Amino acid sequence: MRSNICPSYSAVAGILLVLSFGSAYSADRKPVDTQADLPRFSYPVSGKVETLLDADQATFAAFAAPVEADIDSVLRDYDIRDHAALRDLLQAKLNLQIISGTADGKTLEQLHQLRALEDKPSARLIAHLDQEAFIKARMAAPQSSGASEACPEGFEAAYKGAVDPLPWETVGTDLKGLKGFMGVASHNFFEGFAVSNLQASVDQNHALDLPGAEALIRARAAIQVMVGCHAPLVAVLTTYVEQHNVTKPDIWQARAAVLPDAGVLTPVKVAIWDSGIDTSLFPGRLLVDPKPGHDDPDGIAFDVRNKHTHGSLIPLTPEQQAEYPSQVADMQGFSDVANDIESDAAAAAKKKLAAMSPEEVKHFSDEGDFFVSYAHGTHVTGIAAEGNPAIRLAYARMTFDTSHPHSPPTDRLITDLGKSYAEDVRWFKKHRIRVVNMSWWNWPAAYEKDLADNGIGKDAEERKKLARHYFDIEKRALYMAIKGAPDILFVTIAGNSDHDNAFQE
């Protein structure tokens, strides 16, 4: 999704960014139009991720130095046209300088340039305010400068001074969300999620690639700033929200498009191409084929190996069935936390996470991936069906791989995935589906991570080539399947990650 930022502002921000690195930028930098155009790097890491995350400053600095050198070389040698990709690189540099406690004046300069690359109005105002306050407070108190887990004296005043003048109408929703997130932010939280995301690659390759290194650096910086300064952060955000937050009239009920559940309405067939549907929640609104053949009466389904199967949802094991009610409560609770809603579910979620060790956080994250995937198709179906008694719902059930690590990609697996796409679209055409909702994605970097997590490929560059091979098989199959159904409206995902879909492919 493109923002409404004016082109001239974008251009000025880009020029300032280039100039900030001075004459080191050569005129013949290599153009970068997609994420795949960027070089790949690898950094030796052995043992446990948490050991490096919590290492002393000298040990962590030895790991971080080549990462920063590579980031500088990319910024110097490559002309990156994508704001989000530039933000990722500059954010890593900012995090490294916060961790090391060096070059605070230069860090502030880069922080302002990083904020100028934000495309959303709220983000341009609030991005990295906590880190800016941290740096300013550390600069004002030289005796406490340098790397330290302690929150520098003056942080609260600096953060309050930055937050209080902000326009509530622009930033209120995001600052409420940040306040909610601070209710679960802890050392164990950041460590557990880092281990969940990174340990498989370290185990297989004894190394991390650049995105993995950036994630580890991000976790250490978050522990230093968001955990180290947790109390003043919460105090400032709480005061700001309480001063501005008012209960507004619900404008959405009046704006909802609700069709009357009476009279003559022409049924419209809509397929949810996702993880399946709990069909019991939509009585009277399902497409039912009286002669389904080898498919289900109300849909088509494929298993995790992309083989034809049956059922509107993935079958749960007895253990998963027992855990399902608590997982539903957790999903509700963390949704409330993210929106700063004070509810019993939010309080329970905060209490649950606060008591977890890093190992328990990792397990919680891994298990949550499965249940979020399991519920996702039903969730988007509810949105699609809201207010429409004439909808006739069908499912094209995919079985997303939520194992940790994911199964390694192979030619057979990805070819079968492409065949399942063709089968799904043939089913849509046969049943005269008018609209298909596709709230899912894939991209080359996801294949690179799966390859790394399974120890496939001698280095990051080889994994990049393999990932391109697999991605091209999948992309062509999906493209050809959709191209063959010009009468169907396919509604696809876009914008969830604040990245440009074309750049990420």
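Visitor: Where is L287 found?

Guide: First, the terms. Helices (H or I, at least four residues) and strands (E, at least two) are DSSP runs, numbered from the N terminus. Here, L287 sits in the loop between β5 and β6. Note that this is a predicted model: local features need pLDDT of at least 70, side-chain atom pairs count only at pLDDT 80 or more, and totals for chains, interfaces and linings use all residues. Residues are numbered from 1 along each chain as its sequence is written, and side-chain values use heavy atoms, with hydrogens and water left out.

Visitor: Is L287 buried or exposed, and how do I read that?

Guide: Buried means under 20% relative accessible area, exposed over 50%, partly exposed in between (1.4 Å probe, protein chains only). L287 has 7% relative accessibility, so it counts as buried.

Visitor: Which residues does L287 touch?

Guide: Contact means heavy atoms within 4.5 Å. Residues up to four places away in sequence are not counted. L287 then touches K269, P297, D298, R392, L393, A394, W427, H431 and I433. As for C-alpha distance, L287 and P267 are 20 residues apart along the chain, and their C-alpha atoms are separated by 9.6 Å.

Visitor: K269 and R392 are both on that list. What is the bridge partner of K269 in β8?

Guide: Two strands pair if DSSP finds at least two bridges between them. The partner of K269 is R392. Strand β5 (residues 268-274) pairs with β8 in the parallel sense, over 7 bridges.

Visitor: Which other strand pairs with β8?

Guide: Strand β6 (residues 299-302) does, in the parallel sense, over 3 bridges. There, G299 stands opposite Y395. Strand β8 (residues 391-397) is mostly covered, with 6 of its 7 residues buried.

Visitor: What is the strand order of the sheet?

Guide: The sheet is open, has 6 strands and runs β7-β6-β8-β5-β9-β10, with mixed pairing. Its edge strands are β7 (308-309) and β10 (489-492), each pairing on one side only. Strand β9 (residues 435-438) pairs with β10 in the parallel sense over 4 bridges. V436 stands opposite F490 there.

Visitor: Now a helix. Where does S201 lie, and what is it in contact with?

Guide: S201 belongs to helix α10 (residues 187-205). Its relative accessible area is 9%, so S201 is buried. Neighbours within four places in sequence are left aside. S201 is then in contact with H206, A207, L208, A452 and D453.

Visitor: And P408: where does it lie?

Guide: P408 is in the loop between β8 and α17 (411-430). With a relative accessible area of 29%, P408 is partly exposed. P408 and D450 are 42 residues apart in sequence, yet 5.9 Å apart in space, C-alpha to C-alpha. With neighbours within four places in sequence left aside, P408 is in contact with L413, N454 and I456.

Visitor: How many helices and strands does the protein have?

Guide: There are 20 helices and 10 strands. The radius of gyration is taken over C-alpha atoms; the globule rule is 2.2 Å times the number of residues to the power 0.38. The protein's radius of gyration is 25 Å, close to the 23 Å that the rule gives for 505 residues, so it is as compact as a globular protein of that length.

Visitor: What share of the residues counts as buried?

Guide: Of the 505 residues, 47% do. Among contacts between residues at least 6 apart in sequence, 80% join residues at least 24 apart.
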